[in-house]
Amino acid sequence: MITIGGEEGKHYVLDNWSLFKKFLLDNGFWLFVALAILPGFILPCAPFLFLFGIWGTKYGTGLACAISVLALSLNLVWTYWLAHGIGRSFIDKLLKRFKYRIPELPPNNLTQWAIILRLTPGIPFIFTNYALGLLKIPFSKYLLVSIPIVAITDCGFVLASAGIFGGSWKFIWSGVSILIIMILIGRTVSKKQNNADKSI
């Protein structure tokens with residue numbers, strides 16, 4: 001819309017985002033609903049996590065982390081089942097449209113690949129949900145791998161945002177450190193997998 005509408009389209013989007021942002025910050029329940037649902041429609045999680053950080057400066061950073069993790073966990077559940085079941089054909093086409101190819105993986109290796117997909121930098125949260133649903137990884141293993149990784153990254157964003165908007169260097173350093181550590185782990189895992197593939 002911004003590209004098509006030029007400057008006018010850009011201002012339209014930004015103005016509406018400002019109104020939407022204010023609404024969400026004034027209504028914690030709808031902020032929770034937005035994070036639980038909207039990323040499933042290919043919207044990025046980060047803006048909503050930053051809003052949770054701002055929300056947390058008023059209502060408590062720990063509470064903001066807990067509620068945002070719960071929202072993302074609900075998103076993990078419904079997007080998995082959508083890709084696993086009735087939405088399988090549509091999700092497969094959607095991923096191909098965004099040039100994400102679902103690999104053919106051996107059934108006994110799915111948990112390892114779930115960890116790799118979750119930790120690989122550059123793969124959006126929602127595409128990983130849909131990819132793992134399409135791969136039909138067992139639901140219990142999907143949650144066991146996904147929730148800890150998503151929760152840690154989530155809290156990194158929320159803490160960093162709370163620190164930036166609340167003026168707390170402790171939260172800024174904590175949040176940024178968490179995110180850097182997760183990125184480094186992801187790169188290490190991805191590099192090891194690439195080396196393993198080349199040695200085959």
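## Exercises on a helical protein

Tyr-142 is buried, since its relative accessible area is 0%. The structure used in these exercises is a predicted model.

**Exercise 1.** Determine how many helices and how many strands there are in the protein, and in what order the elements run from the N terminus.

*Solution.* Counting the elements gives 9 helices and 0 strands. Read from the N terminus on, the order is therefore α-α-α-α-α-α-α-α-α. As for the residues themselves, 39% of the 200 in the protein are buried, and the protein exposes about 11,600 Å², of which carbon and sulfur atoms supply 68%.

**Exercise 2.** Classify the aromatic pair formed by Phe-52 and Trp-55 as stacked, tilted or edge-to-face, and say where the two residues lie.

*Solution.* A search of the whole structure finds 13 aromatic pairs. For Phe-52 and Trp-55, the ring centres are 6.2 Å apart and the planes make an angle of 75°. Planes over 60 degrees apart count as edge-to-face, and this pair is accordingly edge-to-face. Both residues belong to helix α3 (residues 46-59), where they are 3 residues apart, about one turn of the helix. Phe-52 and Trp-55 are both buried.

**Exercise 3.** Describe how helix α5 (residues 88-97) and helix α7 (residues 125-134) pack, giving the angle, the distance between the axes and the hand of the crossing.

*Solution.* Two packed helices are described by the angle between their axes and by the distance between those axes. Here, α5 and α7 pack at an angle of about 130°, and their axes are 10 Å apart. The two helices are therefore oblique to each other, and their crossing is left-handed. To find the residues that meet, look at Arg-88, Ile-91, Asp-92 and Leu-95 in α5, which face Phe-127, Tyr-130, Ala-131, Gly-133 and Leu-134 in α7.

Technical notes:
Residues numbered from 1 in each chain as written. Predicted model: local features only at pLDDT ≥ 70, side-chain atom pairs only at ≥ 80, totals over all residues. Heavy atoms only, no water. Helix = DSSP H or I, 4+ residues; strand = E, 2+ residues; numbered from the N terminus. Buried < 20%, exposed > 50% of the residue type's maximum accessible area, 1.4 Å probe, protein only. Areas by Shrake-Rupley, 256 points an atom, 1.4 Å probe, with all protein chains shown as cover. Phe/Tyr/Trp six-rings, centres within 6.5 Å; stacked < 30°, edge-to-face > 60°. Axes fitted to C-alpha atoms, helices over the stretch in contact; angles between N-to-C directions. Parallel < 35°, antiparallel > 145°, perpendicular 65-115°, else oblique. Left-handed = near helix turned anticlockwise from the far one by under 90°. Contact = heavy atoms within 4.5 Å.
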